[in-house]
Amino acid sequence: MNKCQPLFLCCLIGLLVCGNTSCQAQSGETANSANRTTTSAQAKPIPNAAAILIKAYPAYLDYYADNYLYFKDGSKMLFDDGQADKSFDDLFNQPDVEDQLRFAYPLGSEFAVPVAEKDNPGRIRQEAFFKKMYGSTEAEARAQLTQVVWLPKNIGQNIPFSQVNGAAQALQAVSNELDDLVAQQPEMLKYLQNIGGTFNWRTIRNTPNRLSPHSFGFSIDINTTYTNYWQWDNPPKYRNQIPWAIVEIFERHKFIWGGKWYHYDTMHFEYRPEFFVE
Ligand SMILES: [Zn+2]
């Protein structure tokens, strides 16, 4: 320990903690190189958004270090591009991984209506991040699809959904509970019949080649007849017809709802476990 004291002093002065391996001063390295070691990401708390993503996607994400998220295949992705003052459009068109969690998703039935301007929790998606897991091309995303039986007792329709991250499993659980809900409250069936769709590799209308979340097979639109969508209203004015009993079931299985977006899309549900990490 005595031999390490000069380095400890150096570290204290720099308000840093000595690295966990050995005292770099012993090997004759300079204070600067010691600082590089001690400022490594292992010694610093990782950003909250990175920790949340690692918890939400344990099959793919391994760890965070030095502003990168590392995937289990050894590849890495930049976490924060350092642009904290992006315009609203740039947040959607050029987000980094960190920006995805810019808006907090309000859990439960108590949320502000109309939704506050620009509040779009979950609507910011860094495409590379999702392509990495769900497929970077239509063929790759399609290869991950499995069939979910939509309301087995009341509808019995097979619908494609991605098996990645347990999304299809989660949707099947939603579907089974919605089936039970309809058994108790038959008036709920109309919202769940003739669904708008699930997997569809396409860009979002009026955007510079932004992929729709339906491209990844983790989103479902329920019956469009009872839907309110900001692009269909001129001017947009928040309204919703989807009963909370339906939304509650989706949220319990880690689906976010487009009815909580300023740019509302009340038919839309999307499997996004990062917004449900406790
Ligand atoms: Zn949708």
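Student: Which residues does A167 touch, and what makes two residues a contact?

Tutor: Leaving out residues up to four places away in sequence, A167 touches F161, S162, F218 and Y271. Two residues are in contact if their C-beta atoms, placed from the backbone, lie within 7 Å. Each of these four meets that limit with A167, so each is called a contact.

Student: How do you know how far to trust the model?

Tutor: This is a predicted model: local features need a pLDDT of at least 70, side-chain atom pairs count only at pLDDT 80 or more, and totals for chains, interfaces and linings use all residues. Residues are numbered from 1 along each chain as its sequence is written. pLDDT is the predictor's confidence in each residue, from 0 to 100. The protein averages 85, and 85% of the residues score at least 70.

Student: Where does pLDDT stay under 50?

Tutor: Over residues 1–39, for which the model has 35 contacts beyond four places in sequence. Where pLDDT is low, the predicted coordinates should not be read in detail.

Student: Why is P121 called buried?

Tutor: A residue is buried if 20 or more other C-beta atoms lie within 10 Å of its own, exposed if 12 or fewer, and partly exposed in between. P121 has 21 such neighbours, so it counts as buried. P121 lies in the loop between α4 (88–93) and α5 (127–134). Beyond four places in sequence, P121 is in contact with F103, A104, Y105, I256, K260 and F275. In the whole protein, buried residues make up 32% of the 278 residues.

Student: What makes a stretch a helix or a strand?

Tutor: Both are DSSP runs, numbered from the N terminus: helices are H or I with at least four residues, strands are E with at least two. The protein comes to 9 helices and 9 strands.

Student: Why are the buried residues of α5 said to line one face?

Tutor: F129, F130, M133 and Y134 are buried in α5. Seen down the helix axis, they fall within an arc of 105 degrees, so they line one face. The arc is that of the directions from the helix axis to the C-beta atoms. They pack against β3 (76–78), α6 (138–143) and β5 (157–162). Just after α5, G135 takes a positive phi of about 125 degrees.

Student: How do you know that α9 has its buried residues on one face?

Tutor: In α9 (244–252), I246, V247, F250 and E251 are buried. Their arc is 130 degrees, so they too line one face of the helix. Their cover includes α7, α8 (189–192), β8 and β9. K254 follows α9, with a positive phi near 70 degrees.

Student: What makes a set of residues a nonpolar core?

Tutor: It is a set of buried Ala, Val, Leu, Ile, Met, Phe, Trp, Tyr and Cys residues joined through C-beta atoms within 7 Å. The largest one here has 45 residues, and A167 and L171 have the most contacts inside it. Helix α7 (167–184) gives the most to this core, with 8 residues. In soluble globular proteins, nonpolar side chains tend to be buried together.

Student: How do you know that β4 and β5 pair?

Tutor: Two strands pair if DSSP finds at least two bridges between them. β4 (145–150) and β5 share 6 bridges in the antiparallel sense, so they pair. Q147 stands opposite P160 in β5. In their hairpin, with 6 residues between the strands, L151 takes a positive phi near 45 degrees.

Student: What about β6 and β7, with 2 bridges?

Tutor: The threshold is at least two, so β6 and β7 (219–223) pair, again in the antiparallel sense. I195 stands opposite N223 in β7.

Student: Why are β6 and β8 placed at the edges?

Tutor: The open antiparallel sheet runs in the order β6-β7-β9-β8. β6 (195–197) and β8 (255–257) each have a single partner strand, so one side of each is left without a neighbour in the sheet. The twist averages 30 degrees from one strand to the next. Helix α9 packs on this sheet, touching β8 and β9 (268–271), and its direction makes about 140 degrees with that of β8. Axes are lines fitted to C-alpha atoms, for helices over the stretch in contact, and angles run from 0 to 180 degrees between N-to-C directions.
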